[in-house]
Amino acid sequence: MGDTTRQRIKFSDDRVCKSHLLNCCPHDVLSGTRMDLGECLKVHDLALRADYEIASKEQDFFFELDAMDHLQSFIADCDRRTEVAKKRLAETQEEISAEVAAKAERVHELNEEIGKLLAKVEQLGAEGNVEESQKVMDEVEKARAKKREAEEVYRNSMPASSFQQQKLRVCEVCSAYLGLHDNDRRLADHFGGKLHLGFIEIREKLEELKRVVAEKQEKRNQERLKRREEREREEREKLRRSRSHSKNPKRSRSREHRRHRSRSMSRERKRRTRSKSREKRHRHRSRSSSRSRSRSHQRSGHSSRDRSRERSRRRSSKERFRDQDLASRDRDRNSRDRSPRDRDRKDKKRSYESANGRSEDRRSSEEREAGEI
């Protein structure tokens, strides 16, 4: 997988190896050994492991379950190979009695003990712990002495021809073959080798994961049980309350009655306030309407008076014109009916009156002028 893909994914992605995040992937542990598994099919990235280690301090992702399943599958496959190897050895090697087999098994056990001790001595020597390595070497010498005794017992129990044959056994840890007559160097190389120690690491990590997963599952089950108990307690409390209500109907009725009365009183108060507000609005509207009606009535009264006056004025002017017309018609009629003599008399009278008037006007003007002088 390319670098760009690794940058895009997170440690929680399904494509990331959860065993690698927990530092127990068999592909990493057995790399470079006789049982090298090659590259893992899932993503291995140290940066993702660092991100997981930081995030796991605040949140439990429960990746231990995935890693446990992975290691269980791998160890189960290894155990199947061990059983197949044992069957193959049983078929190829001569059959021996149970007593001789037990003596041979004792020799193998001592060989395994010597090999482990020698591997420990080499490790302590590399660390510079000389005193501890010397103590372990003393234990190695004691194991060698026991081995010599066990080999002598095993040799005496078998014929010389059969004893010379190489007796093999399968290592229960890494399924490798071990010889009954292997020397100390061979045993030290095997038990201190990367293959054997890698399988020991994987098996120990598997046991640790089983313990951790069991503890977490137990914790989750307890939390689930606690939540269930809380729900059941709440349900029982509700049921108890409902039963108490059913047993005391008077109390419940009185409570309902009080609630109903309070609701009715609140409704009555709201109704009263609404009616008061309606009355206020009605009064205000009636006052405003009465004022508007009085104003309109006054305006209509004034306008009716004006109209009546106008009508009477028009009527009087019409009557006056009619009277004048009638009077002029009468005068014309009278003038037609009179004789020419009367007309001459009237003309003379008018001329005399006009002459007298002009003389009086002249006299009054002279008197005014004299008075001014």
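Modeller: Start with glutamate 235: its relative accessible area is 55%, so it counts as exposed (over 50%; buried is under 20%, partly exposed in between, with a 1.4 Å probe and protein chains only). This is a predicted model, where local features need pLDDT of at least 70, side-chain atom pairs count only at pLDDT 80 or more, and totals for chains, interfaces and linings use all residues. Residues are numbered from 1 along each chain as its sequence is written, and side-chain values use heavy atoms, leaving out hydrogens and water.

Biologist: Where does glutamate 235 lie?

Modeller: In helix H10, residues 194–247. Helices are DSSP runs (H or I) of at least four residues, strands (E) of at least two, numbered from the N terminus.

Biologist: How many helices and strands in the protein?

Modeller: 12 helices and 2 strands.

Biologist: Switching to salt bridges. How many does the structure hold?

Modeller: 17. The test is a side-chain nitrogen of Lys or Arg within 4 Å of a carboxyl oxygen of Asp or Glu.

Biologist: What does glutamate 172 form a salt bridge with?

Modeller: Lysine 86, with the closest N and O atoms 2.4 Å apart. That pair links distant parts of the chain, 86 residues apart: glutamate 172 is in the loop between strands E1 (168–170) and E2 (177–179), lysine 86 in helix H5 (residues 64–92).

Biologist: And glutamate 122, which side chain does it meet in a salt bridge?

Modeller: Arginine 185, at 2.5 Å, N to O. Arginine 185 is partly exposed at 46%, and glutamate 122 is partly exposed at 41%.
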